[in-house]
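Welcome! Please take a moment to look over the sequence and the 3D view before reading on.

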Amino acid sequence: MGVLAANPIPAVVLLLSLLAAAAPPVSARLKTCNITYDDFNTANSNIQKLHFASNDSTLARGALRVTLESDYNPLTNQSGRMLYNKSFKLWEGRNDNYSDRVASFNTSFLVNLDQMSSFATPGEGLTFVVAPGLNHPPNSFGGYLGLTNFTTDGNVSNQIIAIELDTFKEDFDPDSNHVGLNINSVISKNTTSLTPLGFELIAPYGTHNFFNVWVQYDGIKKFIAVYMAQQNTSEDPTPPRPDTPILTSYLDLREVVNQNSYFGFSASTGNSAEFNRVLRWNLIVEYYHDEKSMKIGHIVGIPTVLVLLPALVGFVYYFRRRWLWQRTDRQMSGKVKSMPGMPREYQYKELQKATNNFEETRKLGQGGYGVVYKGYLANQQDLEVAVKRFSRESLKGQEDFFQELTIINQLRHKYLVPLQGWCHNHGKLLLLVYDYMPNGSLDKHLFGDANNTPLSWNLRRKIVTGVASALHYLHNENQKRVVHRDVKASNIMLDAEFNPKLGDFGLARALDYEKTSYIEAKGVAGTRGYMAPEYMFTGKATEQSDVYAFGAVLLEVVCGRRPGTKIGPYSLLVDWVWALHREGQLLEAVDNRLGEDNVAEEVQRFSLLGLACSHPTASERPNTQEIVQMLSGSVPVPYVPPFKPAYMSPSVAMGDEDISSQATTTDTTSLITPVWESSSAPVAINPEIQLASS
C-alpha cells in the first residue's frame with residue numbers, strides 16, 4: 001500500500017492494469033495478518049481469538065501459562081497447547097502457476113522458563129508450533145512437548161513443524177539447554193546448543209530470566225532462521241533482534257504442514273517441572289487469500305473500469321490517508337514503546353467509550369494543552385480514570401504529549417498523579433490516562449462553590465506538606481532532576497482522603513544533573529502570581545522558580561485568595577501579605593472561612609515561609625529539603641525582611657549550564673533595569689514575553 005499512498009495518479013493506473021490482467025500476479029493473492037499480544041490480559045478482547053487445545057493451558061496475571069501451575073508452582077506430567085483460532089493458507093495448489101512460492105511468516109515472543117526449585121531439574125520445554133488443526137494429542141507430557149505422543153511421534157500425518165526450547169536431556173537430545181527444529185517428531189532435525197552462545201540456562205532457578213525469540217520464515221527462499229536475546233525483566237522494552245541467527249535450515253512448508261495451518265505454542269513437563277510462560281507475542285503471516293473478484297478484469301473489461309475511475313480515485317485517496325495515519329501511528333507507537341517501563345497502551349475506542357464519546361458533562365478541566373474528561377473503563381470493573389486529551393494537532397501538541405509522557409512515566413511518588421496509560425490515534429488524537437481524583441483540584445475547594453465545606457486547617461497542612469515532599473522528590477530524588485514549571489492550586493489534585501497529587505507535567509522539563517536551568521526560547525509559559533520574576537524576564541526555569549510557585553500556593557492556602565488577586569493598592573497577594581508582615585499583623589491574612597480552626601503558630605510560620613519562598617532573589621529562597629523541615633517545625637523559617645527586596649535582573653548572559661529548547665538563544669534580558677520594587681504599583685512586564693493561560 002506504500003506505492004498507492006505515495007501518489008494517487010500512478011496508483012489508479014496500477015489498479016486498472018491489475019484489473020485488466022488475465023491473471024493477477026502472486027502478490028495480488030497474498031494478504032498480511034498482524035497479530036500482537038503485548039500482554040495476555042483476560043480483559044483484552046483479542047484473547048477470545050486464542051484457542052486452548054488443552055485444559056492444562058491457562059491465562060493468569062498477564063501471561064499465557066502453557067502448562068498448568070498450582071499456587072505459583074508448576075505441576076509435573078502436564079502438557080498444553082494454545083493456538084490462534086484462525087487458520088492460514090500457506091500455499092496455492094501444486095498444479096497452478098503459483099506453486100513455486102509458499103507463504104512467509106515472522107514471529108517474536110517473550111518467554112519465561114523458570115525451574116521450580118534449586119533442588120529440581122527443569123523440564124521439559126516449550127515450542128512455537130505450526131499445526132494442522134486445533135486438537136491436542138493425548139498423553140503428550142514428558143519429552144513429547146505437547147506435540148506428539150508415543151504412538152504418533154515421527155508420523156508424516158502429524159503435519160507439524162516446531163521450534164523447541166528444550167530444557168531436559170532425553171536420550172536423543174544433545175544436551176538439556178538447546179534450540180531445535182522439529183518436523184513431525186520431537187527428535188529435532190537441527191539443533192543448536194545454547195550454553196556456548198552465552199545462554200547458560202534458559203530455565204534457571206531464582207533469577208527469572210526472560211528470553212526474546214524471533215522465528216522468521218522466507219516463503220520464497222524456503223528458509224527458516226531463529227534468533228534469541230535475553231532481557232532482565234518482563235517490563236523492559238524488547239531488545240533489537242540480533243544480527244546473527246542461532247539456528248537456520250532449508251524448509252519447504254508444502255512438504256510438511258497442512259495447506260491450511262494454525263500457529264501457536266505447546267509445552268510439557270515430566271517428572272521434572274518448570275514454568276512455561278509466554279508474556280508477549282507478535283505474529284505476522286503473509287498468507288494466500290482466495291478472492292474471486294481478483295479476476296474481475298476478465299468480466300468487466302477496461303470500458304467498465306473507466307466508468308468506475310472516480311470511485312477508484314476515492315478508494316486510493318482513502319487508503320492513502322489511512323496508510324499515512326498508520327505509518328505515523330507506527331512511528332509514534334515505536335517511540336513510546338521504546339521508553340522503559342511504559343504503562344499500557346489503550347485503544348482509542350476504549351477511551352471513547354469510557355468517556356461516552358468525550359461528553360461535555362464528563363469534562364473535569366480545561367487548559368492550553370486540551371481537556372480532561374472523567375471516564376469509566378468497563379473492562380476494568382468500571383475503573384474511574386481521568387483522560388487527558390491534547391487539543392492541538394500540530395507538532396507542538398505532539399511534543400507536549402511526549403514530554404509529559406516521558407517525564408511522568410519515570411516518576412514514582414505517592415504525592416504525584418499516577419499515570420495509567422496512553423493512546424494515540426491517526427497520529428493526531430493524543431491522550432493520557434491518569435488515576436481519577438474524586439475530590440478534584442485544590443483550587444476548587446479554596447475558591448469554588450461558597451456552599452462547599454471549607455478545607456480544615458489540618459487538611460491544608462496535609463496538602464502543602466505533601467506537595468513540598470513531591471517537589472523535593474522532583475528536584476533531588478529522581479534519576480533526573482525535574483523542573484515542574486507549573487506548580488499551582490489547579491494542578492494539585494486531591495484523592496478520596498484529600499491526599500495531594502501534583503499533576504499536569506505538560507510544561508515540566510528534565511535536567512541532567514550538571515545543568516541548572518531550562519530556557520524556553522519562545523517565551524515563558526505559566527500563570528500570573530505563580531511565576532518567579534527571574535523566570536518572566538529571562539525565561540530560565542529552575543528549581544528556585546518552582547519554589548517561588550510553591551510559595552504562592554502556600555500563601556493562597558493560608559489566605560484563601562488567589563496569588564493574582566488585587567487587594568486594595570496591592571496588585572498581588574504576596575505584596576499584601578508582605579505589607580501585613582511589616583506591620584506585625586500576619587494573622588489578619590488568614591482565610592476567614594477557617595474561623596477558630598487554625599493554629600496561630602503554624603499560620604505565622606507558613607505565612608513567613610510563603611514570603612521566604614517568594615523572595616525576588618532566587619538564591620535567597622529556601623530549597624525543598626529546607627521547606628519540608630520548616631513545614632514540620634524542625635527547622636526555623638529564615639529571616640524575612642519587613643520590606644520586600646527589589647528584583648535585580650541578571651547582569652550577564654546565560655552560560656553553558658543552561659539547557660534550551662533551541663540550539664542558540666539571543667539574550668537581551670540582561671539589559672532590563674530593576675523593576676521589582678516593594679512598591680504596590682503594578683510591575684511592568686516586557687510585552688514580548690508570552691504568557692500561556694492555563
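## Before we start

This is a predicted model, in which local features need pLDDT of at least 70 and side-chain atom pairs count only at pLDDT 80 or more, while totals for chains, interfaces and linings use all residues. Residues are numbered from 1 along each chain as its sequence is written, and side-chain values use heavy atoms, with hydrogens and water left out.

## The whole protein

The protein has 14 helices and 31 strands. Both kinds of element are DSSP runs numbered from the N terminus: helices are H or I with at least four residues, and strands are E with at least two. Of the 694 residues, 50% are buried. Here buried means under 20% relative accessible area, exposed means over 50%, and partly exposed is in between (1.4 Å probe, protein chains only).

Contacts tell you which parts of the chain meet; a contact means heavy atoms within 4.5 Å. Among contacts with a separation of 6 or more, 70% join residues 24 or more positions apart.

## Helix 11 against helix 13

Let us look at a pair of helices. Helix 11 covers residues 543-559 and helix 13 covers residues 600-613; they pack at an angle of about 150°, and their axes are 7 Å apart. (Axes are lines fitted to C-alpha atoms, for helices over the stretch in contact, and angles run from 0 to 180 degrees between N-to-C directions.) This angle makes helix 11 roughly antiparallel to helix 13. For such labels, angles under 35 degrees count as roughly parallel, over 145 as roughly antiparallel, 65 to 115 as roughly perpendicular and the rest as oblique.

The crossing of helix 11 and helix 13 is left-handed. A crossing gets that name if the near helix is turned anticlockwise from the far one by less than a right angle, and is right-handed if clockwise. On the helix 11 side, the residues in contact include Val547, Tyr548 and Phe550, and on the helix 13 side they include Val603, Phe606 and Leu609. By class, the contact of helix 11 with helix 13 has eleven nonpolar, three polar and no charged residues. (Ala, Val, Leu, Ile, Met, Phe, Trp, Tyr, Cys and Pro count as nonpolar, Asp, Glu, Lys and Arg as charged, and the others, Gly among them, as polar.)

## Helix 13 against helix 14

Helix 13 also packs with helix 14 (residues 624-632), at an angle of about 165° and with the axes 10 Å apart. That makes helix 13 roughly antiparallel to helix 14. The crossing of helix 13 and helix 14 is right-handed. Arg605, Phe606, Leu609 and Cys613 of helix 13 make this contact with Ile627, Met630, Leu631 and Ser632 of helix 14. Sorted by class, the contact of helix 13 with helix 14 has six nonpolar residues, one polar and one charged.

Tyr639 counts as exposed, at 69% relative accessibility. Tyr639 and Leu609 are 30 residues apart along the chain, and their C-alpha atoms are separated by 9.4 Å.

## A buried threonine

Now find Thr269, in the loop between strand 17 (260-268) and strand 18 (277-288). Is Thr269 buried or exposed? Thr269 is buried, because its relative accessible area is 0%. The Thr269 side chain reaches the backbone oxygen of Leu75 at 2.7 Å. Not counting residues up to four places away in sequence, Thr269 touches Leu75, Gly123 and Glu124, among others.

Gly123 and Glu124 are worth a look too. The peptide bond from Gly123 to Glu124 is cis, with omega near 5°. Glu124 lies in the loop between strand 9 (104-112) and strand 10.

## Residues in other loops

The loop between strand 10 (125-131) and strand 11 (161-166) holds Val156, and Asn158 is in that loop as well. Val156 counts as exposed at 64% relative accessibility, whereas Asn158 counts as buried at 13%. Leaving aside neighbours within four places in sequence, Asn158 is in contact with Pro132, Thr148, Thr152, Asp153 and Asn184.

Asn139 also lies in the loop between strand 10 and strand 11. Asn139 has a positive phi of about 50° although it is not a glycine. Arg61, in the loop between strand 3 (58-60) and strand 4 (63-65), has a positive phi too, near 50°.

Terms used:
A polar contact is a pair of N or O atoms within 3.5 Å; within protein, one must be able to donate a hydrogen and the other to accept it, and residues adjacent in sequence count only if both atoms are side-chain atoms.
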